[in-house]
Amino acid sequence: MSEQPLSVDPLWPRAGGWAPLGPDGADLTLLGIPTHETSLSPTGAQATPGAVRDALRRYSAFVPGLDVEALRFADAGDVESPDAPGGRERAIDAMAHAVGLSRLTVAVGGDNALTVPAALGAFGPDLGAAGLITLDAHHDLRDGRSNGSPVRELLEAGLDGRRVVQIGIADFANSAAYTRRAAEHGITVIPRDALHTRPLDDVVAEALEIAGAAGGPVHVDLDVDVCDRSVAPGCPASVPGGLAAWELRRVARLLAASPSVRSIDIAEVDATADAPDQRTVRLAALLVLEAAAGLASR
């Protein structure tokens, strides 16, 4: 698809193009964590943070009834080589720095391996009271270190499984062994089928209550492969029958509206494998803006 220069209209200011994060902080800070080297499937997800920044320019930050445009936005850049030796520590430090200066930090991957440093950096010394909410077709409880293991790694780091909620877990995308592992750790699982009959607002309220039960910070992992493959072809593991784009957008806004949510990550989008119309990358960019809308509603 050919690219044309974006129009310029002073009465229609575009999102994105945010200034670097400075010592005065921001309401919402964007941080790129381009993990990709341990992915279980081939991926070019390291290209996604830049692609999302470009896609943000296609949208405004205007939402009727919410003063999103008045928020202070910042961009903390990308963590260099987060999969290399010492890379995870760099990502944790970068996330901790952004969280310390922001009301809400949105980390853009990269594959789902970014969830480990994003969450640990956001939790800091509050890990013992922290909670995790994932929107994901998969449990991510695999052995080893990959984009299929972040939840297991966070549990081993000290996260209490009783404050982990997994929304959107899909049939034919997991295994009996990992389902048992989730149950053994006390993880609350809300499968995709349950979302056909339950209001999203009720699901989000339950998830926030469970994840925030100890009064600690809550990290949200938005793995875009929870969506239907028709709207997320740029996610290697997305399946037909997943969430609609509007559902994930709605959940992102509802979760970001909670003061207990300190951080969000957006994972598993491979910008190099997207459809020609860039629908997956554009969805990821809209998730950043939905997080901003949620923040503005607090």
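**Notes on the fold and its cores**

1. Let's start with the surface. The protein chain exposes about 12,100 Å², and 53% of that is supplied by carbon and sulfur atoms. Keep in mind as you read on that this is a predicted model.

2. Now the overall build. The protein chain has eight helices and eight strands. Its radius of gyration is 17 Å, close to the 19 Å that the globule rule gives for 298 residues, so the chain is as compact as a globular protein of that length. Along its principal axes, the C-alpha trace spans about 55 × 45 × 40 Å.

3. How much is tucked away? Of the 298 residues, 54% count as buried. As for who touches whom, take the contacts between residues at least 6 apart in sequence: 79% of them join residues at least 24 apart.

4. Next, the inside. In soluble globular proteins, nonpolar side chains tend to be buried together. Here the largest nonpolar core has 60 residues, and Ile-133 and Leu-135 touch the most other members. Helix α8 (residues 279-296) gives this core its largest share, twelve residues. There is also a second, separate core of 14 residues, with Val-116, Leu-132, Leu-154 and Leu-159 among them.

5. Leaving out residues up to four places away in sequence, Ile-133 touches Val-165, Ile-167, Ala-207, Leu-208, Ala-211, Val-218, His-219, Val-220, Asp-221 and Leu-255.

Definitions and conventions
Residues numbered from 1 in each chain as written. Predicted model: local features only at pLDDT ≥ 70, side-chain atom pairs only at ≥ 80, totals over all residues. Heavy atoms only, no water. Helix = DSSP H or I, 4+ residues; strand = E, 2+ residues; numbered from the N terminus. Rg over C-alpha atoms; globule rule 2.2 N^0.38 Å. Buried < 20%, exposed > 50% of the residue type's maximum accessible area, 1.4 Å probe, protein only. Contact = heavy atoms within 4.5 Å. Areas by Shrake-Rupley, 256 points an atom, 1.4 Å probe, with all protein chains shown as cover. Core = buried A, V, L, I, M, F, W, Y, C linked by side-chain atoms within 4.5 Å.
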